[in-house]
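Keep the picture beside you as you read.

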Amino acid sequence: MRGDECGNLVKPGSQTPTVSEIEARFKAAFEAWLPSVGRRSDEEQGVIPWLARALEEGLALPDLGKGWVFLHQEWRFVGDDGIGKKSDILAVHLPTGRLGIVEFKSDASKLAEARTQVDDYARFWRRDASELAPFFTTLLRAMGVAYGNEAAALGSVSTAPATVFVGLACPGRRAHVQRR
């Protein structure tokens with residue numbers, strides 16, 4: 001058995017890893033990857049500390065409001081042209097199961113662009129929610145187990161319209177997020 005970028009491979013006759021071993025590998029791999037994001041964009045450098053706090057706090061994203069947790073970074077929705085459109089952050093509101101989509105910019109002058117982008121992502125979500133919600137539910141539960149968040153480990157992602165947010169993130173300042 002070996003773990004690599006493709007996942008865990010188990011050879012015939014070898015022992016299958018336990019759920020706790022897989023959870024530990026998942027958490028270790030994600031936490032090892034996160035600091036390696038080496039882009040020079042101010043936005044990315046501002047978002048990473050925001051995500052690191054969420055991981056330290058059991059996935060909680062209190063800047064979005066009570067009950068919001070981190071789900072995924074840089075999810076690619078399929079655009080109308082068939083090309084992936086990369087959102088910044090996906091979150092879930094645990095009490096309702098509603099998906100949250102956050103688009104960050106490093107400069108306030110680009111917030112109008114962020115609003116346009118997040119509106120597009122919300123439209124893609126409405127189009128594909130019935131297909132994506134079960135996958136996001138599985139991911140949410142895995143993240144909940146890996147980060148010790150019992151509510152997330154039992155949570156579900158609904159097909160309801162997404163709640164959208166825009167934010168400012170740049171190095172040296174705390175990220176600021178608001179509803180669209």
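Predicted model: local features only at pLDDT ≥ 70, side-chain atom pairs only at ≥ 80, totals over all residues.

Residues are numbered from 1 along each chain as its sequence is written, and side-chain values use heavy atoms, with hydrogens and water left out.

Q: What makes up the protein chain, in helices and strands, and in which order?
A: The protein chain has four helices and nine strands. Both are DSSP runs (helices: H or I, at least four residues; strands: E, at least two), numbered from the N terminus. The order is β-β-α-α-β-β-β-β-β-α-α-β-β.

Q: Why is the protein chain called as compact as a globular protein of its length?
A: Its radius of gyration, taken over C-alpha atoms, is 17 Å. Along the principal axes, the C-alpha trace spans about 60 × 35 × 35 Å.

Q: Why is Thr 163 called buried?
A: Buried means under 20% relative accessible area, exposed means over 50%, and partly exposed is in between (1.4 Å probe, protein chains only). Thr 163 has 10% relative accessibility, so Thr 163 counts as buried. Across the protein chain, 42% of the 180 residues count as buried.

Q: Where is Thr 163, and which residues does Thr 163 touch?
A: Thr 163 sits in strand E8 (residues 163-168). Leaving out residues up to four places away in sequence, Thr 163 touches Trp 68, Arg 98, Leu 99, Gly 100, Ile 101 and Arg 179. A contact means heavy atoms within 4.5 Å.

Q: How do you know that Arg 123 forms a salt bridge with Asp 80?
A: A salt bridge needs a side-chain nitrogen of Lys or Arg within 4 Å of a carboxyl oxygen of Asp or Glu. Here the closest N and O atoms are 2.7 Å apart, so the pair meets the cut-off. The pair links distant parts of the chain: Arg 123 is in helix H3 (residues 111-146), and Asp 80 is in the loop between strand E4 (76-78) and strand E5 (84-86), 43 residues apart.

Q: What other partner does Asp 80 have, and what is the distance?
A: Asp 80 also forms a salt bridge with Arg 127, with the closest N and O atoms 3.2 Å apart. Arg 127 is in helix H3, 47 residues from Asp 80. Arg 127 is partly exposed, because its relative accessible area is 39%. Asp 80, Asp 120, Arg 123, Arg 127 and Asp 128 are linked in a network of salt bridges.

Q: What makes Lys 105 and Glu 103 a salt bridge?
A: Their closest N and O atoms are 3.7 Å apart, so they pass the cut-off. Both residues are buried. The whole structure has ten salt bridges.

Q: Where does Ala 153 lie, and which residues is Ala 153 in contact with?
A: Ala 153 lies in helix H4 (residues 150-153). Neighbours within four places aside, Ala 153 is in contact with Arg 141, Gly 144 and Val 145.

Technical notes:
Rg over C-alpha atoms; globule rule 2.2 N^0.38 Å.
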